[in-house]
Every structure is written in C-alpha cells, then in structure tokens.
Amino acid sequence: MAGQPRGGEVACGFPTPLNGDAMTLQPLDDTAIYDIYISSRASACLAVGVRLGLFAGLEERPAHASEVAERFGVSARGADALLVSLHALRLLVRDERGYRPTPEAVEYLVPGRPKSLCGLIELEFDAFLSPERLLRSVQSGEGAVYDGDEVWGAHDADPERAARFTKAMHSISARPAAALAQSIDFSNSRCVLEVGGGSGVYLMELLRSHRHLRAVLMDLPEVCKQTGLRIEQVHAESPEVGFLDRLDLAPGDMFRDQLPGSPDVILFSQILHDWSLEQGRELLASAFDALPSGGRVLVHEKLLNDERSGPPANALVTLDMLFWTEGQQLTFGEVRTMMSDVGFREPRLQPTVGYWSVVEAWK
Ligand SMILES: C[S@@+](CC[C@H](N)C(=O)[O-])C[C@H]1O[C@@H](n2cnc3c(N)ncnc32)[C@H](O)[C@@H]1O
C-alpha cells in the first residue's frame, strides 16, 4: 500500500519484520553470541588459576580475596577479579571460610592428581590461540604455533618444548586412557604397538589393566628419551606391574621407518588428526602391513559427527589442528573409509568417555 513501509524498512525508528510476522518484532537475542565472545576470558582465568596453584592452595586452606592476594603474591584487585570469575564459572565455591575448589576442580585442576588437566591448561601460556594467531593460520592454511616452525621437528630439537607438549598430551589423555583400557577386549591379544605414543599414558594404562599384554611405544627420539625416564619412575612406584619388563621403546619416524615389534594390535591415539587424509591412509597402510592376519587397528580420537556439525568441543579442536598441525578433526565416516581403503575390515565405532571414541577394525 502506498505510504506503508515495505518489510525491512524503518518505521517509527524500528525495523519492520521482513515476513510481517508480529513475533519477529522482538529483537533477536544476542546472549549466545555475547557468551561466545566472553568465553575466552574463562579460558584465560582458568589458566591463570592453574599457573598460580590456586586450586591446590585453596583445597589445602580456603581463603577470602585479601588472604589469597597475600598467599599467592598477587594484587588485591587481581585476586578479587579472579575469584569472582572462577566462582561464577563454578570452579570455586564460597562459604564463611572463603573460597575453595569444587570436587571437579580438585580432581582435574590440582597438579599431581592422576587425571589432572594442568599440563594441558598450562600450555595456554606457550601457545594461546589468540585471534591474531588464528587469523594468520586461517589466511595461510598453515600452522603458526612456533612462529611457523614444524612442530614435531621443533620438539625433537628442543627438549623443553617436547616436555611441555608431552605433559599436555599426558594430561588430556589420562582419563580417556583409563576408559580405553576398559572399553576394548584385549583378552586374546598379545602385544600392542602404539604409534606416536607420547608419554606412554595409554600403554601404561593397558599394561596395568591387562597383565598378560606386552607393549611397544614408537615416537620421535627426544620424546622416547623423556618417556623412558618417566616409565622408570612409574615402575619404581608400582614395580608389581612390571612396566620395565613389558614395555619397549622404539625411537623412530613412523613415516620413514618400518613399524617395530611384532604387534597384533596397533593403536593410533590422536595421530591421524595431526595429518592429511592421505598421510593418515599411509600410516594405516603401514599398520596393515605390520599386523598378522586377524590383527587389529585402533584409532582413538575426539570425532566429529558424520554431518561435521558437532559436538562443538570437538569441532573447535579443528582450529587447534589448523594452528598446530597439518590435520583436522575426523568423522567416523572418514576413519572408516581410510581403514577400508587400505584393507581393514568391519570398522566399528565405540564411544569411550566424554568426547572420546575408538574405531576398531581387523586385518
Ligand atoms: C598429538 S600427540 C599424541 C600422543 C599420544 N598418542 C596421545 O594420544 O596422548 C602426537 C605424537 O606423535 C608423535 N610424532 C609426531 N611425528 C612423528 C613421527 N614422524 N614419528 C613418530 N612419532 C611422531 C609426537 O611426538 C607426539 O608424541
């Protein structure tokens, strides 16, 4: 009608709805977008809390902000901002004695606890995925974590970097390692080779739970050296498991060297997501060649659903893969296709714990 605004034009200062539906006169809610925007602060204050040893300290003795400032050597304003935020994020509770960590914070944010995530969270100080760094990676399509240096070569050349990264992987893997050991039937298996086995967290858990198994861990030389020292420590704490007798280290390059030992199970945990699909297929083909008939391959990952629409926590890891590696988070369909392409049969998906799944297939 002449004189009436068309949909989308402004009348009396308000946009009229495009479809003329009275419901859409309500402004769209910005809360979800604001919450995404603000969530980087949550991640940063979590890392600061871990770095200060706040969760361990407050577990030992709860405290109010002024005492926290004194005990942890921070400013009064800083302590207050941190505590208010961590309390609102439900990592701390507060009563008349002051702030103390929730049971989840004690389990996962106190260093030295078996399933502590501190090593992973501490890595934020070295490799925080800031918008600036992410933009660089999105534009180039390449990793930018160590100013563009190739990650694995950088670890092999720099023991401290290797140690920080391996510690982070250990901490993210402690809980899924325990779950994996219980999710898969190893009763008829003899020897598990883990390719890119890092800290040995998976193999040590398997050996602890399945006393008839032997294991071989292949990784780059510097990582194997550090893992060897760690295995000696763990062995000293629980010699009855026999880690030193049952677990061999095989320093090497999984792309260049033949896969070691004579395994009847080969595990790739968080390996295929570091590489292109073609390189992943190459690794699976080496595993196929190294296994006897009836042998098994296990691919352990935080998978995307087949529509690649979530879960969000796993989709976001694709950004880490872009920033750190040549890879991407995978779907079960992609893993199944790669496995079938190189000859494995009956790929089967099994969720284990949290965001984790394992895909099992047979030669
Ligand atoms: C993402 S981490 C996974 C570690 C462990 N599997 C886990 O899930 O916690 C990747 C591992 O692959 C190892 N790696 C990278 N390139 C390798 C290569 N060419 N040969 C052997 N290992 C390699 C790294 O040193 C690192 O320990």
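How do the residues of the shell around the ligand divide into nonpolar, polar and charged? They divide into 9 nonpolar, 6 polar and 4 charged, where Ala, Val, Leu, Ile, Met, Phe, Trp, Tyr, Cys and Pro count as nonpolar, Asp, Glu, Lys and Arg as charged, and the others, Gly among them, as polar. This is a predicted model, in which local features need pLDDT of at least 70, side-chain atom pairs count only at pLDDT 80 or more, and totals for chains, interfaces and linings use all residues. Residues are numbered from 1 along each chain as its sequence is written, and side-chain values use heavy atoms, with hydrogens and water left out.

**Ligand site**
- The ligand is surrounded by 19 residues, the closest being S173, G196, D219, M254 and S269; a residue counts if one of its heavy atoms lies within 4 Å.
- Polar contacts (pairs of N or O atoms within 3.5 Å) include one of 2.9 Å between the side chain of S269 and an oxygen atom of the ligand.
- The side chain of Q270 has an N or O atom 3.1 Å from an oxygen atom of the ligand.

**Sheet**
- An open sheet of 7 strands (DSSP runs of E, at least two residues) has mixed pairing and the order β7-β6-β5-β8-β9-β11-β10; two strands pair if DSSP finds at least two bridges between them.
- The edge strands, β7 (247-251) and β10 (345-351), each pair on one side only.
- Strands β9 (residues 296-301) and β11 (residues 357-362) are antiparallel over 6 bridges, and R296 has W362 as its bridge partner in β11.

Note on methods: Helices (H or I, at least four residues) and strands (E, at least two) are DSSP runs, numbered from the N terminus. A polar contact is a pair of N or O atoms within 3.5 Å; within protein, one must be able to donate a hydrogen and the other to accept it, and residues adjacent in sequence count only if both atoms are side-chain atoms.
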